[in-house]
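Please consider the following report alongside the sequence and the 3D view.

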Amino acid sequence: MNKNNLILYSGILIFGLAAPFLFPAFKVQLSILCVLIVLATTWNIQGGEMGYNSFGNILFYGLGMYLCASVQVGMFFPLAEWTESGGEKTFVHTPAQFFQGMAVGLIVAAVVPTIVAGLIGYSILGLRGHYFAICTLGLGVAAGEISGGIEIIGAGQGFTTPPFPEVGSLDSRGEFFYFLSFFVLVLTFIAVKGIYTTRFKLILNAIRDNEDKAEAMGIETMKYKIIGWMISAFFCGLAGGIMGGLVGYIDSTDVAFDGREMGVFMVLMAILGGKGTLWGPIIGATVFHIFKEGFWTFFLGWQYVALGVLIVVIVIYFPEGIMGWLREKFPERFGEVVDEKDRKAQVELK
Amino acid sequence: MDFMVFQYPMISVQACLDGILLGILFALIAYGMALQWGVMNIINIAQGDLVILGGYIAYFMYLYGIHPAWGVIVSPIIMYFVGIAIYKLVINKVVDRDLFISILATFGISILFMQLMNFAFGADVVLANSDYGTTMLFNNNVVLPNSKIFSAFISILFAICLVIYMKKSKLGRAIRATAQNARAAKILGVDTEKVYAATFGINAALCGVAGALISITFTIHPYMGLPYTIRSFMIVIVAGLGNLPGVAMSGMGLGVFEEFADYILGTEFRIGSVFLLLVLILVYRRFKLSRKREYLK
């Protein structure tokens with residue numbers, strides 16, 4: 001790591017730690033932004049680097065959300081009665097119970113989706129290209145529909161997550177969830193950056209570029225594909241668990257397994273920023289979140305129409321994303337050596 | 001779980017007949033899907049939303065006092081132009097690109113349509129009542145609404161017309177030629193751009209017919225599009241591209257499966273079971289092919 005990078009990273013870290021105090025009105029938005037960045041970055045591991053475009057990471061996100069909330073409630077109170085009573089406060093978590101439950105819940109929310117990804121990975125990752133995309137889309141929607149029929153987690157009427165206990169000042173809820181999501185974001189970034197410097201990333205890229213050849217070179221592609229998906233699932237579950245506590249209410253198709261929204265958002269954010277780059281999904285998620293909140297505020301009611309148009313425009317006109325565009329503009333900054341003659345010849349050709 | 005269906009055979013008969021009549025409708029939508037997939041190499045996620053839009057056209061005719069059955073003629077005409085418009089605006093830019101791009105782009109169209117329909121027509125579940133009455137069979141044990149029989153009949157009629165059109169007409173031949181080899185067709189003077197537009201228009205028109213029939217026989221709702229897309233996708237991957245009898249058979253099979261799932265698991269798991277079936281079919285085919293070290297293409 002050279003000096004410039006060190007300054008950049010510490011700058012971002014300080015900004016991230018100071019953000020809730022600089023913009024106290026936007027704490028919830030900033031926490032959501034952190035979650036979105038986590039989702040986009042981990043989608044990029046198997047979507048951008050491995051070339052397996054999944055609409056199904058929402059499965060792990062929703063699973064994490066339900067698991068975290070269920071564990072948090074189920075550790076101290078009967079789960080069925082909790083969901084039965086809906087939002088009415090029949091049971092109240094003490095602060096210690098709340099944080100204990102959250103900690104255990106987040107661990108479960110991260111571990112179980114990882115195991116699920118490992119179990120179904122062998123079957124699902126044998127599919128390629130658009131079959132994989134549609135199959136994972138089906139998985140996500142099926143999970144939503146099925147969880148909407150299960151009584152113990154609230155079925156159609158939803159699941160209220162434990163309310164934040166009354167500790168500290170009024171701001172402590174926002175600060176708690178912000179620092180939690182920011183911590184997960186930093187963890188994700190370190191993990192992903194670590195992964196991208198190893199041989200594992202090269203293997204994923206080999207799978208993306210030509211899977212048959214990679215296999216012929218002696219790489220056990222299936223093993224690496226499953227591991228890649230499991231890493232995605234781990235962080236998706238974690239993000240889902242946090243998001244469940246942040247939103248405070250879990251609905252099977254509108255919040256947890258929201259394949260039509262969050263499931264597409266993560267793909268879109270990664271594509272907007274640039275697939276297959278470290279910073280692309282982060283930039284993409286930030287730009288997308290600002291855009292989205294702008295739409296939500298100024299075009300109230302028309303936000304999904306605007307969203308549909310946005311998806312079409314991004315996919316058609318910016319398939320390479322912001323990073324891809326920058327790369328084309330300033331190839332030297334990306335460490336590519338450009339022959340001056342070659343560039344002139346290309347300009348003349350155009 | 002409810003196992004009534006096994007104790008009273010008449011319920012099974014009812015489910016089978018319902019399923020077959022429903023499946024014929026699915027097959028019609030799937031035929032449109034197979035057409036555009038084969039010709040343009042595009043998977044259209046907005047297929048189901050086109051169906052629902054077609055349904056709303058028939059529903060509006062019903063609201064204004066026209067018998068909704070006329071929607072079967074009006075809806076495809078309007079939908080043809082909607083299809084052409086979508087092609088000109090979006091699809092022609094993704095035709096020769098990666099399939100995933102087309103999936104995402106049509107996903108965007110799907111969200112757009114869903115919301116526009118939600119604004120225009122409201123979020124209520126509606127149906128266009130055709131007043132066709134019902135037919136009783138087997139000592140009044142099996143009840144079939146005449147509208148379902150009517151819709152199956154119309155679907156078959158449209159499918160036959162389309163097959164004849166594809167075989168005999170000039171445009172039909174051009175479409176088939178483009179499906180076989182777009183480049184060669186281009187060299188031989190086929191305007192592939194026009195063929196693509198027409199194909200997408202025909203697909204949208206088929207969706208319009210199916211939608212009008214669905215609004216008569218079942219119910220429509222702005223958010224109900226995606227299951228129709230998934231059903232048609234499933235039918236196409238089971239039957240294969242360009243296999244019309246296969247599409248009809250697997251459509252009916254899916255219809256029967258759904259009716260039984262509805263009886264056995266309960267209505268709340270109906271859509272979920274359709275999506276799970278898709279996953280199971282894909283996984284089954286993947287394991288079958290992987291024995292020969294191949295994969296689904």
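**Basis of the model**

This is a predicted model, in which local features need pLDDT of at least 70, side-chain atom pairs count only at pLDDT 80 or more, and totals for chains, interfaces and linings use all residues. Residues are numbered from 1 along each chain as its sequence is written, while chains are lettered from A and ligands numbered from 1 in the order in which they are written.

**A helix pair in chain B**

Helix α3 (residues 47–63) of chain B packs with α10(B) at an angle of about 125°, the axes being 6 Å apart.

**The contact between the chains**

Chain B contributes 34 residues and chain A 33 residues to the contact (C-beta atoms, placed from the backbone, within 7 Å). On the side of chain B, the elements giving two or more residues are α4 (71–94), α5 (99–121), α10 (225–239) and α12 (270–290). Of these, α5(B) gives the most, with 13 residues. This side of chain B comprises 27 nonpolar, four polar and three charged residues.

**Helix α7 of chain A**

Helix α7 (residues 172–196) of chain A has 25 residues. Its buried residues (20 or more other C-beta atoms within 10 Å of their own) include A:Arg173, A:Phe176 and A:Leu180. The buried residues of α7(A) pack against α1 (3–22), α2 (27–49) and α10 (221–247) of chain A.

Conventions:
Contact = placed C-beta atoms within 7 Å. Helix = DSSP H or I, 4+ residues; strand = E, 2+ residues; numbered from the N terminus. Nonpolar A, V, L, I, M, F, W, Y, C, P; charged D, E, K, R; others polar. Axes fitted to C-alpha atoms, helices over the stretch in contact; angles between N-to-C directions. Expected span 1.5 Å × (residues − 1). Buried ≥ 20, exposed ≤ 12 C-beta atoms within 10 Å, placed from the backbone.
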